[in-house]
Amino acid sequence: MFANPMRQQPVMVLQNNTKREQGKKAQLSNIKAARAVADVVRTTLGPSSMLKMLLDPMGGIVMTNDGNAILREIDVAHPAAKSMIELARAQDEEVGDGTTSVIVLAGQILQAAEIFIEKRVHPTVVVNAYFKAMEEILKITEELGVDIDVDSEEDIKKIVTSCIGTKFSHKWGDLIVDLAIKATRTVVRQSGKDVEIDLKRYAKVEKIPGGTIEECTVLDGVMFNKDITHGEMRRKIENPRIVLLDCPLEYKKGESMTNIEMSNEEDFKKALESEEEEVRKMCEHILRVKPDVVITEKGISDFCQHFLMKGNNITMIRRIRKTDNNRLARVCGATIAHRPEELQEEDVGTMSGLFEVKKIGDDYFTFITESKNPEACSILLRGASKDVLNEIERNLQDAMQVARSVIINPKLVPGGGALEMELANRLIKHSKEVEGLQQWPFKALATALEVIPRTLAQNCGGNVVRLMTELRAKHSKEDGIWYGIDGNKGTIANMKEIDIWDPVAVKLQTYKTAIESSCMLLRIDDVVSGMKKTKKQAAPQPEEDQPGPDEGHTFGDERDG
Amino acid sequence: MSGVSIIGEREQGQDVRTSNITAVIGLANIVKTSLGPQGLDKMLVDSIGDVTITNDGATILSQLEVEHPAAKVLVELANLQDKEVGDGTTSVVILAAELLKRANNLVKNKIHPTTVMAGYRLALKEMIKYIKSNLTVKVEDLGRDALISAARTSMSSKIVGSESAFFSEMVVTAMERVKTINNMGKTKYPVKNVNILKVHGKSSKESMLINGYALEMGRAAQGMPTSIENAKIACIAFNLNKFRLHMGIQVLVKDPAELEAIRQKEMDFTKDRVNMIIESGANVVLCSGGIDDFALKYFVEAGVIALRRVSISDMRRIATATGATVVTNLSDYETSDEKFEASNLGSCSLVQEKRIGDYDHIFFEGLAETNCQTIVIRGANEYFLDEVDRSLHDSLCVVKRILESNAIVTGGGAVETSLSVYLDDFARTLESRELLAISEVAESLLIIPKTLAINAALDATDLVAKLKVFHHASQTAEDQSKKELKHYGLDLINGKCRNNMIAGVLEPAISKVKSLKFAIEAAIAILRVDDMIKIAPKLTEEDKMRLAQQQAAAQGQDFF
């Protein structure tokens, strides 16, 4: 690759199959890739957005307008594009909503840098200007945040509604909103001053195809897709006493290798009897606490079922998931026990009011509901097809995350692109105070923010140029900060009046992620690809186990200098 | 043609020297653009498609698949610098390549390589002497600000450059807190005691420094408390599953009822162990193996936080930091019973589980013995986090070096220019042929300020010439006030020369000394080579078989 002037034969430093892209070319190709990713999701922004249908290699389909869900399914080769896709994931995990905006914004920010790269402005100048602008943006956003009352149902509803507004399920209006708020409120757990809202573990969405959307509910308890183990058992119990186990109720062999030597027929019988006896003992221990329902994560033998049914007419459910069991423990106030002989009265759950097994569609489902203080819940979704349900679930997840962000950080900013427009306006004003060459990228970033209202306008088929000019004019006036795009009508509206809000937490995260990642991509001037993955630079080193004599109290990391 | 030959290739004399040096220069050119505050990053993609984005010379070179043997020497060099100093990996590679380039020209002009090498060695000796006597400044004279400035200098070329004020403060605080005095009475600042965790989400500014240690895992069971004050920590290096006999041991029983007893005993064994641990007063239990579900229940009932599958290195760190002993078994030497001594417990003021991003983390704060620190890095995506991790590691090393060696020099090309001017003068005092080599070293050193200027898109020739004037003045002038000119280096943002001591562009002296040493030694090692023999790989049995098969197949095709 590096031609030797002395001899004709070139000296090969790198392996033949490595490819390099350098300088401006690398930068421009990164920007192009990022824009391509942004273009994929661009049409899914806002209330008039369209869904994407994605086919996975297995032939399954995903229908969604969730930025993260779309990008997750797409297999990209370009490294910069991969980096973009990671953004959506980071956004999703941190705040749950705004995944599309972050991608669209990052794409636009990179595009804004393109002209500077073309004009040979040093990328570090652009990067520094961007970081400076980000600080300004974060400051203004915090400043514009409007406090709301977390306990007021109205306020929370407003914000969740505007989040759902951009999603597929917004045509069912309040329904999904109510579901999300109720579910989120259920799992709130106050411990001291910390508020714990663990949606991932304690709010489970159960999808059952069939029925109508209107039948979706948040249960005051949990449900799972399991039937009772035997048809004779009771299917409906009021105020049940529930025992939760995570051990099998059947004979199990020991861990150690054991052999029995049998010398006569009697021994064999005895062996079988003792196995039976063992199970019988287990059952007696369970019967001691007089439960109505026994639920275990493992199996239940026929013999055991017979015994328990005869004993106290106990209803049994086997092989439920660990996560379901955890939720159940919270709902009915039981402790998950492992050894039946150690069952105590406190371990029995009595908090829930109703145990019921229902047949929905073709499957049996167990409901444990009417709990006094359920700190966990199941959300039952009904709908025409599985794909629709999947999309509603994604929407619901987003909505719950939004509700969670608002409860934790109760501050709102106007949505519908109003905030971006205001930021752009203020930054452009501010840019005149920025010294030197940085002024231009600073200004460019400000203009790039306008991509959000512009895309909204585009997606709802409005007259983009006219709307944008009008909006810009509104924002240049004193009290213009509330004006944004009404994505349903394609007009300019006061966001305060039509109640379109976004949580500050989501917006802040969007700007941070988009700008930081763009800066990282801009700083690259060399792409080397095609290396084999043989050498990992962090090869394990043997010295880790034996710290040197003068190291004293140090441990672990071989990278120490 | 002689009858004796080797299977393979052979290159000799000037040919091999030129090819080696061309390869080395090629490699240096790859990393060249990442030097300095205006340097840019590289994106490295491997065949699987995994991406690394970095500015760190050592990382770039070790990720590249370098084939040429001489170039490999340079990769090793960068790794060595990374291990020994932690920072300055790019500059050492660039310097070594430049030294070689100039050496090659000398050799072409019929100066024997050994003379060049002798000159290089002499130059190295003089440079080190000069740095130590004239260019270093004690940190005590400058205080904590110097540390922060040095940390910031090392970050300035990285992605965190624009947030360097924030991160340098964090790095210096962390390093100051991990100060330990070892058993030989020396004060040490182990970088290992600063644990770096990466969680994506939020922005880099929301990274935080935690006075304690953190693990990326959740509690073993949801029923456990989320925080415990005045924690007593037990570290257990065996699993708390059901007891089982070792493989191959069989128990033979006559009476089936006894089988039941064995089964019962298996559970009771673990139960007893768990109870023993709880009774000793432990309220946080770290287990390197698994914990059976039934055993968890006892912990839940006792209100103990139990963690399972803690990696052994993490456990060892926590044990040392909290004063706990890692217990590998419970057997007692005197009696045959098992017991768990309360003295095995470590302590810390607070253990709690917190959720960062989407993941649970366990924090150990207020550790009893040593001061472990944890830096939690936040950022847009994983590539970003990895790069911040590498940058912080470099800065931590820099701060460590300064704290331990207590000497700093000015950066931004100041030291290199100063040395260059000095060597130039020194060379004139010699009468031997080494003179030529030494003045080439003097010229080579200027590659650092030149590259810095080029990367910042500035006029390198002009700036370096100006710098040289300042340094010449400082070394020759009698006037005391001119002495300060030795700290003049480049200001790459404004494209001027300035006093970098005042501007706070500082580097540890030891790092400069070492990188000069490494660069010259590597250059000498490559220069000494005058013959390269590449043996053609021997055909293995397998290869022969394959060849034979191919031939057979070819014949078969002919046949049909």
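1. Cysteine pairing. In this predicted model, the cysteine sulfur closest to that of A:Cys304 belongs to A:Cys283, at 3.3 Å. A disulfide requires the two sulfur atoms to be within 2.5 Å, so this separation is too far for a bond. Over all chains, the count by this rule is zero disulfides.

2. Confidence in chain A. The mean pLDDT of chain A is 83, with 91% of its residues reaching 70 or more. Residues 1-8 of chain A have pLDDT below 50; beyond near neighbours in sequence, this stretch has 22 contacts in the model. Residues 534-561 of chain A are also below 50, and that stretch has 51 contacts beyond near neighbours in sequence. Where pLDDT is low, the predicted coordinates should not be read in detail.

3. Extent of the interface. How many residues of chain B are in contact with chain A? The contact involves 114 residues of chain B and 101 residues of chain A. The area buried between the two chains is about 10,000 Å², and carbon and sulfur atoms give 51% of it. B:Met43, B:Glu65 and B:Lys192 supply 8% of the area that chain B buries against chain A, more than any other three residues.

4. Polar features of the interface. Between chain B and chain A there are 11 salt bridges. One of the salt bridges joins A:Arg523 to B:Asp41, with the closest N and O atoms 3.0 Å apart. Residue pairs in polar contact between the chains, both at pLDDT 80 or more, number 26. Helix H8 (residues 256-279) of chain B contributes 10 residues to the side of chain B that touches chain A, the largest share.

5. Is B:Ala414 buried or exposed? Its relative accessibility is 1%, so B:Ala414 counts as buried. Leaving aside neighbours within four places in sequence, B:Ala414 is in contact with B:His471, B:Lys486, B:His487, B:Tyr488 and B:Gly489. B:His471 is 57 residues from B:Ala414 along the chain, yet their C-alpha atoms are separated by 8.4 Å.

Conventions
Residues numbered from 1 in each chain as written. Chains lettered and ligands numbered in written order. Predicted model: local features only at pLDDT ≥ 70, side-chain atom pairs only at ≥ 80, totals over all residues. Heavy atoms only, no water. pLDDT = per-residue confidence, 0-100. Contact = heavy atoms within 4.5 Å. Buried area = accessible area lost by both parts, 1.4 Å probe. Salt bridge = Lys/Arg side-chain N within 4 Å of Asp/Glu carboxyl O. Polar contact = N/O pair within 3.5 Å; in protein donor to acceptor, adjacent residues only side chain to side chain. Helix = DSSP H or I, 4+ residues; strand = E, 2+ residues; numbered from the N terminus. Buried < 20%, exposed > 50% of the residue type's maximum accessible area, 1.4 Å probe, protein only.
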